[in-house]
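Dear colleague,

Please find below the structure that I am handing over to you.

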Amino acid sequence: MSSPPQKVIKKDGVWTVEGRPRETIQLISHLHPPNIPGKSLITLLVTIPPNGATPPHRHGSAAVLALMLRGASRDQMNQEPEARVRGPGESFYEAPGCHHVRGENASEAEEAAFYAVFVVDDGEFERGGGYEGLVVLDRDVEEKEG
């Protein structure tokens, strides 16, 4: 059973899935491991409120590993026919260029949270606008190109 399409709108200057709250992001760490020169290892805590959702997005050339802490996240990547639900202790991976077409809290009652660990080129991080540039929403790209 495929997921219904999401309507993405701009509310108060922020892209959001219509009728659903957005996630919050907290920086946990930003490291420059000496054994991978030219790369940053960035860890964010992503918290999705009940019924929350993130509009479709990409992470540029970053590789991302998400580790579920609590609640459940429903995610769909690239051309996957179905979204998958993951709970505490489970993880998912987004390869560079991956299109995260659906990202949402699977519950309408409990919040979900996960660590997102990014491996990104130092130069791209700086050119992309820092932490805000780690998540590139489809609608932001469309708006700039339109």
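A salt bridge is a side-chain nitrogen of Lys or Arg within 4 Å of a carboxyl oxygen of Asp or Glu. Please keep in mind throughout that this is a predicted model.

**Salt bridges**

With that definition, a search of the whole structure finds seven salt bridges. One of them joins Arg22 to Glu23, with 2.8 Å between the closest N and O atoms. Are these two partners buried or exposed? Residues under 20% relative accessible area are called buried, those over 50% exposed, and those in between partly exposed. Glu23 is therefore buried, because its relative accessibility is 13%. Arg22 has a relative accessibility of 23%, so this residue counts as partly exposed.

A second salt bridge is formed by Arg74 and Glu104, whose closest N and O atoms are 2.9 Å apart. This pair links distant parts of the chain: Arg74 belongs to strand 8 and Glu104 to strand 11, and 30 residues separate them. Arg74 is partly exposed because its relative accessibility is 25%, whereas Glu104, at 4%, is buried. Glu104 also forms a salt bridge with Arg102, and here the closest N and O atoms lie 3.3 Å apart. Both Glu104 and Arg102 are buried. Through shared partners, salt bridges join Arg20, Arg74, Arg102 and Glu104 into one network.

In soluble globular proteins, nonpolar side chains tend to be buried together. The largest nonpolar core of this model has 17 residues, and those touching the most other members are Ile42, Phe114, Ala116, Phe118 and Leu134. Strand 4, strand 7 and strand 12 are the elements that give two or more residues to this core. Which element gives the most? Strand 12 does, with five residues.

Leaving aside residues up to four places away in sequence, Phe114 touches Leu44, Leu45, Val46, Ile48, Ala66, Leu67, Met68 and Leu69.

Strand 4 also holds Thr43. The relative accessible area of Thr43 is 13%, so this residue is buried. Beyond residues up to four places away in sequence, the contacts of Thr43 are Gln26, Leu27, Ile28, Ser29, Tyr115, Ala116 and Val117.

**The cavity**

How many cavities of 30 Å³ or more does the structure hold? There is one, and about 210 Å³ of space lies in the largest cavity. Its lining is made by 21 residues, and Val46, Thr54, His57, His59 and Phe114 lie nearest the centre. Two or more lining residues come from each of strand 4 (39–48), strand 7 (63–70), strand 8 (73–77), strand 10 (91–94), strand 11 (100–105) and strand 12 (112–121). By class, the lining of the largest cavity comprises eleven nonpolar, six polar and four charged residues.

**The largest pocket**

The largest pocket contains about 350 Å³ of space. It is lined by 14 residues, and Tyr131, Glu132, Val135, Val136 and Asp140 lie nearest its centre. At least two residues of this lining are supplied by each of strand 3, strand 13 (136–137) and helix 2 (138–145). The lining of the largest pocket divides into eight nonpolar residues, one polar residue and five charged residues.

**Two loop residues**

Finally, I draw your attention to two residues in loops. Pro37 is placed in the loop between strand 3 (24–31) and strand 4. With a relative accessibility of 69%, Pro37 counts as exposed, because the cut-off for that class is over 50%. Although Pro37 and Asp121 are 84 residues apart in sequence, their C-alpha atoms are 9.1 Å apart in space.

Gly60 lies in the loop between strand 6 (57–58) and strand 7. Its relative accessible area is 34%, so Gly60 is partly exposed. Gly60 and Pro96 are 36 residues apart along the chain, and 6.3 Å separates their C-alpha atoms. Apart from residues up to four places away in sequence, Gly60 touches Pro96, Gly97 and Glu124.

Yours sincerely

Notes:
Residues numbered from 1 in each chain as written. Predicted model: local features only at pLDDT ≥ 70, side-chain atom pairs only at ≥ 80, totals over all residues. Heavy atoms only, no water. 1 Å grid on protein atoms, 1.4 Å probe; cavity = no way out; pocket = protein on both sides within 12 Å on 5 of 7 lines; lining within 4 Å. Points joined across faces, edges and corners; volume = space filled by probe spheres on them. Helix = DSSP H or I, 4+ residues; strand = E, 2+ residues; numbered from the N terminus. Nonpolar A, V, L, I, M, F, W, Y, C, P; charged D, E, K, R; others polar. Buried < 20%, exposed > 50% of the residue type's maximum accessible area, 1.4 Å probe, protein only. Contact = heavy atoms within 4.5 Å. Core = buried A, V, L, I, M, F, W, Y, C linked by side-chain atoms within 4.5 Å.
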